[in-house]
Amino acid sequence: MNTRDRWLLPEGVDEVLPPQAAALEQLCRQVVDLHACWGYELVFPPLIEFLDSLLTGTGSDLDLQTFKLTDQLTGRLMGLRADMTPQVARIDAHKLGREGISRLSYLGTVLHTRPSAFGDSRCPLQVGAELYGHSGIESDAEVMCLLLETLLLVGINKPYIDIGHMRIVQALIAAADLNDMQRQQLFDILDRKATAELNALLNDWQLTPALQKALSALPTLNGSADILAGARSALAAVGEPVKTALDDLQRILDIVGSRYPQATFYIDLAELRGYHYHTGIVFAAYIDGQGSGLAFGGRYDDIGRAFGRARPATGFSVDLKRLLAQLPAPTESVNGILAPWSENDKTLQALVSSLRQQGERVVQVLPDGNNDPALLGCNRRIVEQSGQWQVKSV
């Protein structure tokens, strides 16, 4: 590398500088405090752990996003976490081992081999909340409400919430008895909403007319709550599993929508994000002008099975760097106090210490340094008047 380019960072790897770093730290504190007020206890999983534990139950998507290396002590493969959700599931299942409901929150940097979307960071600052030990729709509603409260911290009061239910697609696949290759073909087509291609494929598979009608309807079953009535009719042949899932979606809309009427809810029954590990409600938060989601969540009841306890689980995560970008750009602080340098003046040293204990920002002058108050972010200075040290405006 040319010596002039050594300061360059890898593509997608970013750093946070003043004053954004201070604003990000403040946002971290606000989010952690908010989650604590809802009963969520903070945990800090390790940045790196054995790969088989890190990828348990998450499918191939997370595998492709994970940096891998060999542990020099054991020879085993390790991974730098690309998502903290499996780690928190391990903590709940194995480390804590609690009975009943457990609420955990987390905050830390994750690393991605590639950006999740164009222009995204490969080192997001991920924060999230997970609720274990409850399988009812009430816990799904709780974490969704907590997500909306998290968005409110940065002034997002009119988000768009995209909601789906994995059990609908799972029930259709089970009823049609699709093999692995057929499932992959179906996922690809549903992801692209390619209705004509789907109908041609269903004809080749020679399914019953009722199942063919249900599967062909999936790409069209998206929109407001009004589509639920049509979905009940179009998917009636699949039976009770789909009816229960549609009932879940209606209850979510009733509970969360009544508490946050300013949010817009969009139902998409062909949503397949996280298909390999989500088992129920899935949701994502969007805002005007941005095509990629700000936050993602859902139910993943089976992820703890490999750790010895397949507990019900639901939660969400969000990148705080992306949330910070929704706030006005912070300005440099100009509310500091410039203090003269002194090696032996105990009175001056006591004043500086007292001011800092009160939360004041005190910057001491250094000999032969550039001590311009404006450059150091100070609008006051300590001066000696009549034998006493006093704080005066610059």
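The legends below describe close-up views of a predicted model. Local features are given at pLDDT of at least 70 and side-chain atom pairs at pLDDT 80 or more, while totals for chains, interfaces and linings use all residues. Residues are numbered from 1 along each chain as its sequence is written, and side-chain values use heavy atoms, with hydrogens and water left out.

**View 1. Helix H1 and the elements it packs against.** Helix H1 covers residues 20-37, 18 residues in total. Helices (H or I, at least four residues) and strands (E, at least two) are DSSP runs numbered from the N terminus. From its first C-alpha to its last, H1 reaches 26 Å, close to the 26 Å expected at 1.5 Å a residue; the expected span is 1.5 Å times one less than the number of residues. The buried residues of H1 are Ala-23, Leu-24, Leu-27, Cys-28, Val-31, Val-32, Leu-34 and His-35. Buried means under 20% relative accessible area, exposed over 50%, and partly exposed in between (1.4 Å probe, protein chains only). These buried residues pack against strands E1 (41-43), E5 (102-109), E6 (125-132) and E12 (313-319), and against helices H5 (137-152) and H12 (320-324). Contact means heavy atoms within 4.5 Å.

View 2. Asp-33 forms a salt bridge with Arg-29, with the closest N and O atoms 2.9 Å apart. A salt bridge is a side-chain nitrogen of Lys or Arg within 4 Å of a carboxyl oxygen of Asp or Glu; by this rule the count comes to 19 salt bridges. Both residues lie in H1, four residues apart, about one turn of the helix. An α-helix has 3.6 residues a turn, so residues three or four places apart point the same way. Asp-33 counts as partly exposed because its relative accessibility is 36%, and Arg-29 counts as partly exposed at 46%.

View 3. Trp-38 lies in the loop between H1 and E1. H1 is followed by Gly-39, whose phi is positive, near 95 degrees. With a relative accessibility of 30%, Trp-38 counts as partly exposed. Not counting residues up to four places away in sequence, Trp-38 touches Arg-103, Glu-142, Cys-145, Leu-146, Glu-149 and Tyr-260.

**View 4. The Glu-142 and Arg-103 pair.** Glu-142 forms a salt bridge with Arg-103, the closest N and O atoms being 2.8 Å apart. Glu-142 lies in helix H5 and Arg-103 in strand E5, so the pair ties together parts that are 39 residues apart in sequence. Glu-142 counts as buried at 18% relative accessibility, whereas Arg-103 counts as partly exposed at 25%. Both residues are among those touched by Trp-38.

View 5. Glu-99 is placed in the loop between helix H4 (85-96) and E5. Its relative accessibility is 69%, so Glu-99 counts as exposed. Glu-99 touches Arg-309 and Arg-311, not counting residues up to four places away in sequence.

View 6. Lys-243 forms a salt bridge with Asp-247, the closest N and O atoms being 3.2 Å apart. Both lie in helix H11 (residues 240-259), four residues apart, about one turn of the helix. Lys-243 is partly exposed at 42% relative accessibility, and Asp-247 is partly exposed at 29%. Salt bridges that share partners join Asp-140, Arg-167, Arg-299 and Asp-301 into one network.
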